[in-house]
Amino acid sequence: MKIVVGVAVILLVLLGTINNVVVAKIKKNNNELEYSYSASISCRSQSVSLADFGGVGDGTTSNTKAFQSAINYLSRFSSQSKGGSLLYVPPGKWLTGSFNLTSHFTLFLHKNALLLASQDENEWPLLEPLPSYGLRGNSTGGRFSSLIFGTNLTDVIITGDNGTIHGQGESWWKKYRAGELKHERPFLIELLFSENVQISNLTLIDSPNWNIHPVYCNNVIIQGITILAPVTSPNTDGINPDSCTNTRIEDCYIVSGDDCVAIKSGLDKAGIAFGMPTKHLIIRHLTCISPTSAVIGLGSEMSGGIQDVRAEDIVAINSESGVRIKTGIGRGGFVKDIYVRRMRMNTMRWVFWMTGKYNLHDSSGGYDPNALPVISNINYLDMVAENVTMAGSLDGISGDPFTGLCISNVTIGLARKAKKLQWNCTDVGGISSGVVPKTCQLLKDQGSDKRAACDFPQDILPIDDVKLKSCYFKA
């Protein structure tokens, strides 16, 4: 098989074990093939171009078979002992339907490579509903596979020199709004039951549905991602970690028609039975624009539980709410040990929003009205917001209040047409200190000298203790 070799050497992103990650850059005018590796992993031993498998980057020819043929060939190297593999997507417009990845594998997009998602539904295989969900929304059956999909994988990297993945979502949005779809719309990237995953240095545009969805995964890094969608597009969430452990999201810019980051863990009875929480999650250096939704949303699908979320250094512009917790009777599960600090917001409807009255449920298995969620130990500190309509709407559940709320050192500047009532609180309890405008009585004011009342953990999570390594390949 002929492998195309050029003059550019590309520095790859490689996540082999929890201690090995790299950064993507271009090193030009160097013909030397160079490897850098740790004792436990090595750089990819095999690399091929999509063009070697009949790929045509003209924007109209389908490359679904080319992608899958290339990956099927590279799957013979899908073990650490065989060195792993890399599929290079060169400059061009590469139309494709859904394709599946393999283990010990890197998908690398050149900066001038554009993946175009096919609008032909026949190029999107159908999958069973996720085991922690049942049926969502107006779906009456399964769901379309994501554009880039994988399950039960180890050591998977989706990266590039800021190459672009375009979901061409407009046709899907129209069908969804018209009620013409029997199956759930596809995501752009979804990985299931996988570990040691990195998604980095890419631009994602106009996803039919959610953009990035790691679910039932462990050790995930998502960094340097730009996500763009019309702010009126339906359900175009940016990044949705779902029943995942040890995840780091950083240095991302998101414009979305829904939550920029939505943290999830299953829905109603199915989510409770599956019982896999999202925990040990870091979110930092995120910029978000979402006029109709949240910068960081927790739920509403949280029936498996959400615990130990640490978000810091967030910028929100023209968004509906800064932090939102959304749940309801029948969800069960828990949201606890949530920490958010150093958040700057401008032009917001709410800074803080919590509701226990969300009533969208699994349409196949129903819900248990006795399954009540537990919301506790929620910490917000060191925040500044300007041009805000309402500081906070905190609405728990009667007989099942949200407890342990702490808001400290927060200054909120009001919009010209701000609400007269700035805090609306029911069925919640906690404390506050150094908050302007002053919080509701259910968040007992500790006085301005207690500005450090809220917690932010000082320990380092394993996913935050990753070391940088380097790998090269010739394109």
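User: Is Asp-445 buried, partly exposed or exposed?

Analyst: Buried means under 20% relative accessible area, exposed over 50%, and partly exposed in between, with a 1.4 Å probe and protein chains only. Asp-445 has a relative accessible area of 41% and is therefore partly exposed. This is a predicted model, in which local features need pLDDT of at least 70 and side-chain atom pairs count only at pLDDT 80 or more, while totals for chains, interfaces and linings use all residues. Residues are numbered from 1 along each chain as its sequence is written, and side-chain values use heavy atoms, with hydrogens and water left out.

User: Which side chain does Asp-445 meet in a salt bridge?

Analyst: Side chains of opposite charge can pair when their charged atoms come close. A salt bridge is a side-chain nitrogen of Lys or Arg within 4 Å of a carboxyl oxygen of Asp or Glu. Here the partner of Asp-445 is Lys-438, at 4.0 Å from N to O, and Lys-438 counts as exposed at 59% relative accessibility.

User: How many salt bridges does the structure hold?

Analyst: There are 20 salt bridges. One of them joins Arg-248 to Glu-250, whose closest N and O atoms are 2.9 Å apart; Arg-248 counts as buried at 9% relative accessibility, and Glu-250 counts as buried at 8%.

User: Which residues are linked with Arg-248 and Glu-250 in a network of salt bridges?

Analyst: The network also takes in Arg-284, Glu-312, Asp-313, Arg-341, Arg-342 and Asp-464.
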